[in-house]
2 protein chains.
Amino acid sequence: MAGTDHRRARPAAAETEGEATARPPQPAVVLVAPQMGENIGTAARAMLNFALGDLRLVRPRDGWPNIKAVAAASGATEVLDSLRVFDRTEDAIADLQRVYATTARPRHLAKPVVTAHEAAREMRAEIAAGRRVGVLFGPERTGLDNDDVVLADAVLTVPLNPGFSSLNLAQAVLLVAYEWFQAADEMPPPRQEPEHGSRPATREELVGLFEHLERELDEVNFFRAANKRASLVGRIRSILLRAELREADVHILRGIVADLTDARRRRRRKEGGS
Amino acid sequence: MAGTDHRRARPAAAETEGEATARPPQPAVVLVAPQMGENIGTAARAMLNFALGDLRLVRPRDGWPNIKAVAAASGATEVLDSLRVFDRTEDAIADLQRVYATTARPRHLAKPVVTAHEAAREMRAEIAAGRRVGVLFGPERTGLDNDDVVLADAVLTVPLNPGFSSLNLAQAVLLVAYEWFQAADEMPPPRQEPEHGSRPATREELVGLFEHLERELDEVNFFRAANKRASLVGRIRSILLRAELREADVHILRGIVADLTDARRRRRRKEGGS
């Protein structure tokens, strides 16, 4: 998706006067009547982890600013610095065109119910179409009340262990933000090549290693019976091939074989000379 | 998928004597040297939210039990009640056959790097094939050290805002557990096992092989300079881990080490006796 990396790199530029569009289009996170300052801070941190920056509070219990929120944000102060506080949920979402209400479990409401995973994809599509979206989260103890849920277009729910479904506020924000970030490229990121230095070993280097090891094993009669040699050699070569050895790995392994055997050989030479 | 709902509903039954298999097969969560009791508690809560129950601690800074952990677990006490404490990471993962090391960003290590999303699918497949898996998480401030990462088969990383990538310990656990839970319903068919006989080696068998080889290498002064030992040991262990050794492979490799070195030792004994 064009521009995705750019968006990730400059996620949450604080809005400044006359530059209200500095932040790339992204979902607003609306905390309705949050109780604990700590949870506001950890929610801000979770947002910034996934490049979200538009935080809105409705009637925070302990007012705003809140020193505990700042401490808990662990450096995500740019989110707190630019947050906005509202008296009513209606005002907090006034500019939004699609709103999700997060609830622990679907209620009997005439609303579509989507998972965080589905909501992230929907929100990407909405924003790509130029619309403004946001997600409501309720107070820690009670969750959103029905009046707030009614204001939303859809209910967002996180599939949870039905035997233990109490999810901390900041963790609910984290999962929604995580899914949003993940949805940036539906194509999974390319699996990274393990970095183990140097280039892959050539077949010649591998065979050199195989034969070096097998020679030494012959010397100590490792294979015992001649009829077992071929299958064991095949087995050992398979193990080494599976390791996808690099040039430097071959060097190390040949060093191991040499060092383990040279001590024996030196000793033998010494004896032979005596 | 048959059994999925059942598994979800009874996630983390504590192990009791004679009923060690009561918990359905699932990844172990291994917290290495966790500092804050609160984080152990919130990690336990996050696990139970997604039906995980096998929590293992390696050298918790403030010992165990920890009253702050219990308070922070918000009722997820069944996870804390059944957790196990270990002195060494090697012991904590001894029974596991595939291990992931969680790191904030990929390091230059000879390991494949997977996202939490990919790891969850891999772990589902491994467990469906009857294998035991686990995920390592490092201490809050520093993350896993290289010695612990080296013990793992792969590095697990969560894609984050590069401008703000400090993820709280419990939130890292939450995301891994969330992906695990999400993956329940999108399991790919178990990947076809290459037929190379016997079962995958346990971590205990691998560590036994590592230590056997390293002991012999110490004897012949393979590492030369003491300050190079750690990086070379890490390199050698990585090579062997990449080979995805089976039980029988470990047997063969230990046989090689023993035979290459026993001849020397026998000779020495003979000399000593003369």
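I'll start with Asp95(B), which is partly exposed at a relative accessible area of 27%. The classes here are buried for under 20% relative accessible area, exposed for over 50%, and partly exposed in between, with a 1.4 Å probe and protein chains only.

Before going on, the conventions. This is a predicted model, in which local features need pLDDT of at least 70 and side-chain atom pairs count only at pLDDT 80 or more, while totals for chains, interfaces and linings use all residues. Residues are numbered from 1 along each chain as its sequence is written, chains are lettered from A and ligands numbered from 1 in the order in which they are written, and side-chain values use heavy atoms, with hydrogens and water left out.

Back to Asp95(B). Its side chain meets that of Arg132(B) in a salt bridge, 4.0 Å from N to O; the term means a side-chain nitrogen of Lys or Arg within 4 Å of a carboxyl oxygen of Asp or Glu. Arg132(B) sits in the loop between α6 (116-128) and β6 (133-137) of chain B, and Asp95(B) in the loop between α5 (89-92) and β4 (98-102), so the pair ties together parts 37 residues apart in sequence. Helices (H or I, at least four residues) and strands (E, at least two) are DSSP runs, numbered from the N terminus. Arg132(B) is partly exposed, at 39% relative accessibility. Shared partners join Asp54(B), Arg56(B), Arg84(B), Asp95(B) and Arg132(B) into one salt-bridge network.

Now chain A. Asp54(A) is buried, with a relative accessible area of 9%. Asp54(A) and Arg56(A) form a salt bridge, at 2.9 Å from N to O, and both residues are buried. Asp54(A) also pairs with Arg84(A), the closest N and O atoms being 3.6 Å apart. Asp54(A) lies in the loop between α2 and β2 and Arg84(A) in strand β3 (residues 84-86), so this pair connects parts 30 residues apart in sequence. Arg84(A) is partly exposed at 34%. Over all chains, the count is 31 salt bridges.

Next, the interface. In contact, meaning heavy atoms within 4.5 Å, are 68 residues of chain A and 74 residues of chain B. The two chains bury about 6000 Å² between them, 60% of it on carbon and sulfur atoms. That is the accessible area (1.4 Å probe) that two parts lose on being put together, summed over both. Phe164(A), Arg242(A) and Leu260(A) lose the most area on the chain A side, together 12% of what that side buries.

Six salt bridges cross the interface. One of them joins Asp259(B) to Arg224(A), with the closest N and O atoms 2.4 Å apart. On the chain A side, α2 (37-49), α6 (116-128), α8 (169-182), α9 (203-219), α10 (226-242) and α11 (247-273) each supply at least two residues. The most come from α11(A), with 14 residues.

Last, the backbone. Most residues other than glycine have a negative phi, and most peptide bonds are trans. The bond from Trp64(A) to Pro65(A) is cis, with omega near 5 degrees, and Pro65(A) lies in the loop between β2 (55-58) and α3 (67-72) of chain A. The bond from Trp64(B) to Pro65(B) is cis as well, with omega near 5 degrees.

Glu244(B) is in the loop between α10 (226-242) and α11 (247-273) of chain B, and is partly exposed at 46%. Ala33(B) has a positive phi too, of about 50 degrees, but is buried at 19%.
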